[in-house]
Amino acid sequence: MEMSIESWFNLHYYGFGHGVDGGGYDDDEEEEEDESEEEKPTPKEPIVEVDDREFPFHDDVFYINLKGPRVRTGFDNLPMEILLNIFRFLNGVDRDAAALTCKRWFDAMGYREFLDEVCFHFEEVSICDGTPPIALFLRSFRHFSNIKLTRVQFNGYCEFWDVFGEYLREITFCNCITLTKSKLTMILKRLPFLECLALEEADEFFKTWTPVELKRIEPVCRCLRKLALRKSNAFTVDHLYYLVAMGPNISALEISKCLKQIDAPTRVKILTTILTIMKMRKKKLQAVDFSYTMYDDLFLKQFAEIENMSLSQISLSFFERAPIKDPGIIDILRCQSAIVHLDLSSFLNLTDFALIEISTSLRLLKTLKLNGCWLLTDFGVESIYKLDRLQVLDLSDCDKISDRGFMKAIVDRRRDCMSQLYLSMLPGLTDSVILKICLTLLNLTVIDFCGSDCMNDTSVQFLFCYLKCLRILRLNGCVKISDAGLTGENLPVAVIEIWDTQTTFAICELRSLQELQLSGCFKVTDFTLTHAFRFRELRELNLAHCVQISEPGIEAMSLNCPALEQIDMSDCFHVNDRCVVALAKNLVRLRSLKLVRLPLLTVASVDALVEYAKALRYINIRGCPKIPKDAPERLKKIATLRNIPKC
């Protein structure tokens, strides 16, 4: 009897079928064995360990299968809990590919957690049953939970909402000129379990929605948890009341990048309305986001005066002139002690006293973002040491911070839970603090030192030695980094030296690296790409302005980094057609490619992309003088391309 490949694999893994001749079991032999087992008991067949097997799980996972009868086992019969944990380590693209393996894997990919990570973006299309892409989606055998509509045209009734409406949890309307109140009502009535509604660049929509009738609110979205208004200036008080009334259970309110192009009296009226809404919903409200929206210190004062409101997440940006004594942000921090995530990026008037209040009052804080708070000094930053639950810290562009303040804040206490650290554009830090960071924050997965003078060849060696869990490494503009630091070769001084033994490290030792940013590191050459770029999981790479890289290094990189999806090689003027051919041929997952101002590229690069880049979605080839003007027409032959570049 001929054995299938899958059955042979299962028997081989568990040690069965390894006789002298290596053959399997025939049907007649199985019947004889059954008869003999009835006459007298036989000892259980021992399980032979196979040394050369390749399987990514420990044997304990299959303990029950090993002790039981020989049944069909393998990847498709994994317990669902194990399968979901495996899928959590994959990104959206890999999960989509894995879901095509079998029905069980497809069912796992439909888990709510994975569906929410994928957003289907409809841009500049017609929402009509008879035209693509809606016609294609109506024949789809899967469902989805998150969609975004950008500059779409609504043409009458659409069956799309009836088919997929019950599965949708989040929807975003961005700059939809044809969207009207009646159309929005019709859509929302077909989304019974909608949890997040976002209106972005919706000025035209609000202008057509007049007058606003508040007597009858429809539809009422009982499951709506978040309402977001972004980049809009034309909404009125009535619009706000109506939208909030549609969601009686709203717990998150976002009004970001709004109220910038309206007169002061109207802005004050809307801000007063926002405060009134917060008072009305204070028992259910848990998160507010007013980042990059125009308001004054009086608004913050009144915000702090709302009693019995406990928020867990606050995002605020402030551009106005705040009073030096007792600013409104201090009052908010004192009364909102349950905050877990605090984002004060671009809060230009945030002082050291406010940061001390944060560290004293918000002991539950896990995320603290202070990007662009240029008034902060070491005096205030030192108080961060009190936040023992901190997981994410962003101090980028706080240029008055030095080694003394940072050492006191972070390095002088054990922080196993911290996973993300952003320290870009900090001229006050020196390379002496890097070793302390590496010895203290061993579990960092994201680190950002863009534009910081503290990064040199010795500093990056410390990163490669200690931070083995890094997934995202951003070193844009770190001009002191060279091949010696990235490869560990030809270093003047070894990082670790014990007696006569010297140890150096290469960047390829960061085996979990998924994103690497090296833009502007002009000392990096082909030597690094050839000897140190061996990443199995690297998906995004930025080599813009690395002017010394050329064909040998790019070809080696394309062979040794097979998972690359996004590449930027702008202003690398040694890049030629053969480089593009190597990328297109070897990187089967390539989805985004940026080739700006490359004088050596010709039509051969365009033809190579058309022929080999079957997964390419976005491309930018501006500023290439030898690229012909008909290149956009040629690139249209790539079926997956989402944008048509302008050469």
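How many disulfides does the structure hold? In this predicted model, the count is zero. C128 shows why: the closest cysteine sulfur to its own belongs to C158, and the two sulfurs are 6.7 Å apart, too far for a bond, since a disulfide needs them within 2.5 Å. C128 is partly exposed, with a relative accessible area of 23%, while C196 is buried at 7%.

Let's turn to the open spaces. The largest pocket has a volume of about 1600 Å³. It is lined by 37 residues, and those closest to its centre are C119, R591, R617, Y618 and R642. As for secondary structure, α5 (92-98), β1 (120-123) and α8 (134-137) each bring at least two residues to this lining, and α5 gives the most, with five. Sorted by class, the lining of the largest pocket has 15 charged, 14 nonpolar and eight polar residues.

Now for the aromatic rings, which form 27 pairs in the model. One of them joins F137 and F144, edge-to-face, with 5.4 Å between the centres and 90° between the planes. Both of these phenylalanines are buried. They also belong to an aromatic cluster, together with F120, F122, F160, W161 and F164. Another edge-to-face pair is made by F290 and F299, at 5.7 Å centre to centre and 75° between the planes; F290 and F299 are buried as well.

How values were computed. Residues numbered from 1 in each chain as written. Predicted model: local features only at pLDDT ≥ 70, side-chain atom pairs only at ≥ 80, totals over all residues. Heavy atoms only, no water. Buried < 20%, exposed > 50% of the residue type's maximum accessible area, 1.4 Å probe, protein only. 1 Å grid on protein atoms, 1.4 Å probe; cavity = no way out; pocket = protein on both sides within 12 Å on 5 of 7 lines; lining within 4 Å. Points joined across faces, edges and corners; volume = space filled by probe spheres on them. Helix = DSSP H or I, 4+ residues; strand = E, 2+ residues; numbered from the N terminus. Nonpolar A, V, L, I, M, F, W, Y, C, P; charged D, E, K, R; others polar. Phe/Tyr/Trp six-rings, centres within 6.5 Å; stacked < 30°, edge-to-face > 60°.
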